Amino acid sequence: MSATTRIAPLASRALISVGGADWRSFLQGLITQDVETLAPGEARFAALLTPQGRLLFDLFVIGRTDGCWLDGQAERRAALIQRLAIYRLRAKVTIEADQTPVLAAWGEAPAGEGWAPDPRLPALGRRGYGAVAEENADEAEYEAHRLALGVPGPADWGEDTTYPLEADFDLLNGIDFRKGCFVGQETTSRMKRRGAIKSRMLPLTFHGPAPPPGPEVRGGALRAGEVLSGGDGRAMALVRLDRIGGAALTVDGRACRVERPEWSAAAH
């Protein structure tokens, strides 16, 4: 392994194995991503939404020869299995927890099999499923890497509170608007078509430790957003796009600044 390759186990993630004769058509009508063309070994970013179009589960869908893996939040795996079972009806589909660990690699590409490019952003690196590798980093380092790139994560969008376009899923290859129906599609497509996206998740920089989630970002006298998750000097925030370009921004009385990563430029 190259010294510039960082590999970390992602204990916060867990897999669900989906198989059976109808697995593609089953998922195709549920999630925001196309699976009809998913190839073995390929990973795609997706979400399962509420019927009202809010984020319920974030997912990576990994193609296999006889089905797929769903990579989701470990603490919510049982809830995801339960939700999928509700939609199964008479479809010939198997849905089971899988204990294969999830890894992340960034820096120089790792050697060996079981690695798929992160579908959100090339700079995020690769995700490992069944990969055999020597770990030399931890999940906290990986989360710092993600935050440095300005990419939001599950701690930022919560459960049934955020629309996927607010969480940048459309900019991070998490929604296929050409695939046809999925749960929550009507609201999602309408927001995209009308350009009715008033708020987006963007990184916020400041001096000192991050405040706990929740404080307002202020643009003068106006509320310009809300701080989400973060670390020293940097956090994600859900910001009003029409209120971050004028007055100086503050959070908890401290000066702060919104960054616009290159990958997000298409939205602003």
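Strand E14 (residues 249-251) and strand E15 (residues 254-258) run antiparallel, joined by 3 bridges. Within this pair, Thr 250 stands opposite Ala 255 of E15. The model is a predicted one.

Ser 199 lies in strand E10 (residues 199-206). Is Ser 199 buried or exposed? Its relative accessibility is 13%, so Ser 199 counts as buried. The cut-off for buried is under 20%. Which residues does Ser 199 touch, leaving aside neighbours within four places in sequence? The contacts are Glu 166, Leu 238, Val 239, Arg 240 and Leu 241.

Strand E7 (residues 102-107) is mostly covered, with 5 of its 6 residues buried. E7 pairs with strand E1 (residues 5-9) in the antiparallel sense, over 5 bridges. There, Thr 5 has Gly 107 of E7 as its bridge partner. E7 also runs antiparallel to strand E9 (residues 126-129), and 4 bridges join them. In this pairing, Ala 104 has Arg 127 of E9 as its bridge partner.

Next comes the empty space. Rolling a probe the size of a water molecule over the atoms shows where such space is left. A search of the whole structure finds 1 cavity of 30 Å³ or more. The largest cavity has a volume of about 70 Å³. What lines the largest cavity? The lining consists of Ala 14, Ile 16, Phe 57, Asp 58, Leu 59, Gly 72, Gln 73, Arg 76, Arg 77 and Leu 80. These residues divide into 5 nonpolar, 2 polar and 3 charged.

Several elements contribute to that lining. Strand E2 (13-19), strand E4 (55-64), strand E5 (67-73) and helix H2 (77-88) each supply at least two residues. Which element gives the most to the lining of the largest cavity? E4 does, with 3 residues.

Notes:
Residues numbered from 1 in each chain as written. Predicted model: local features only at pLDDT ≥ 70, side-chain atom pairs only at ≥ 80, totals over all residues. Heavy atoms only, no water. Pairing = 2+ DSSP bridges. Buried < 20%, exposed > 50% of the residue type's maximum accessible area, 1.4 Å probe, protein only. Contact = heavy atoms within 4.5 Å. 1 Å grid on protein atoms, 1.4 Å probe; cavity = no way out; pocket = protein on both sides within 12 Å on 5 of 7 lines; lining within 4 Å. Points joined across faces, edges and corners; volume = space filled by probe spheres on them. Nonpolar A, V, L, I, M, F, W, Y, C, P; charged D, E, K, R; others polar.
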